[in-house]
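Dear colleague,

Please find below the structure that I am handing over to you. My notes on charged pairs, aromatic rings and helix packing follow it.

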Amino acid sequence: WQTGQKVVIRQDAWQKTYNALNEARRIAPHNPGLSEDLGLLLWLRAQQTDALPAIAVIFYEESQAAYRQALHLNPRSATAWAYSAAIRHAQSRPAMLERMFADDAARDLAATKIRGELWQMFDTALALGPNEPDVQLILNRIAVDRWQELPVARQEALRAHWQQANPALR
């Protein structure tokens, strides 16, 4: 995922990892790292199924639920906030919104809500993890994809942040 290339996970390996993470969460329900790991596994699967929005929607929702659990256990996890923002970023794409909401009015209302959550999550991740490479990479991708819709003040803040970012991630 760090190279920007699609990660291909074999179904049997994915299922084995999914089962192991769920078993580990059952044994250690207060471990936020396990919920983050499950969220990442589900997020990767959602990205693999992006061409099939009906399926991707389910994996993004399950991933978001795992990250919500991780954030409940550790609200200062910049990585969990960043991936939560990435999920909202993916869910706010038109194809995803059309799959999630058949009615135009409901879709527009949901899009506004999802974008609001996206930027709240984005800002929280940026505040908590300005020097974490994985957080920088995720947030930079979101910002670049949405640059044209950003207010000038946010663009300026991001430019200042990028000047402090790891040079390999600029």
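R88 and E117 are both buried, a term used here for a relative accessible area under 20%, with exposed meaning over 50% and partly exposed in between (1.4 Å probe, protein chains only). The two residues form a salt bridge whose closest N and O atoms are 2.7 Å apart; a salt bridge is counted when a side-chain nitrogen of Lys or Arg lies within 4 Å of a carboxyl oxygen of Asp or Glu. R88 belongs to helix α4 (residues 78–91) and E117 to helix α6 (residues 104–128), so this pair ties together parts that are 29 residues apart in sequence. Helices are DSSP runs (H or I, at least four residues) and strands likewise (E, at least two), numbered from the N terminus.

Please note that this is a predicted model, in which local features need pLDDT of at least 70 and side-chain atom pairs count only at pLDDT 80 or more, while totals for chains, interfaces and linings use all residues. Residues are numbered from 1 along each chain as its sequence is written, and side-chain values use heavy atoms, with hydrogens and water left out.

Under the salt-bridge rule, the count comes to eight. One of them joins the side chains of R26 and E23, at 2.6 Å from N to O. How far apart are R26 and E23 in helix α1? They are three residues apart in this helix (residues 11–27), which means a separation of about one helical turn. R26 is exposed, with a relative accessible area of 57%, whereas E23 is partly exposed at 35% relative accessibility.

A further salt bridge links R146 with E149, with 3.1 Å between the closest N and O atoms. Here R146 is buried at 7% relative accessibility, and E149 is partly exposed at 43%. Salt bridges with shared partners also join R88, K113 and E117 into one network.

Turning to the aromatic residues, the structure holds six aromatic pairs. Rings of Phe, Tyr and Trp (its six-membered ring) pair if their centres lie within 6.5 Å; planes under 30 degrees apart count as stacked, over 60 as edge-to-face and the rest as tilted. Y67 and Y83 are stacked, because their ring centres are 5.6 Å apart and their planes lie at 5°. This pair links distant parts of the chain, with Y67 in helix α3 (residues 53–73) and Y83 in helix α4, 16 residues apart. Both Y67 and Y83 are buried.

W147 and W162 form another stacked pair, at 5.3 Å centre to centre and 25° between the planes. W147 sits in the loop between α7 (133–145) and α8 (152–164), and W162 in helix α8, 15 residues apart. Both of these tryptophans, W147 and W162, are buried.

How do the axes of α4 and α7 cross? They come within 9 Å and cross at roughly 25°, the axes being lines fitted to C-alpha atoms, for helices over the stretch in contact, with angles from 0 to 180 degrees between N-to-C directions. The helices α4 and α7 are therefore roughly parallel to each other (angles under 35 degrees; over 145 would be roughly antiparallel, 65 to 115 roughly perpendicular and the rest oblique). Contact, meaning heavy atoms within 4.5 Å, involves residues including A82, Y83 and H89 of α4 and I138, L139 and I142 of α7.

Yours sincerely
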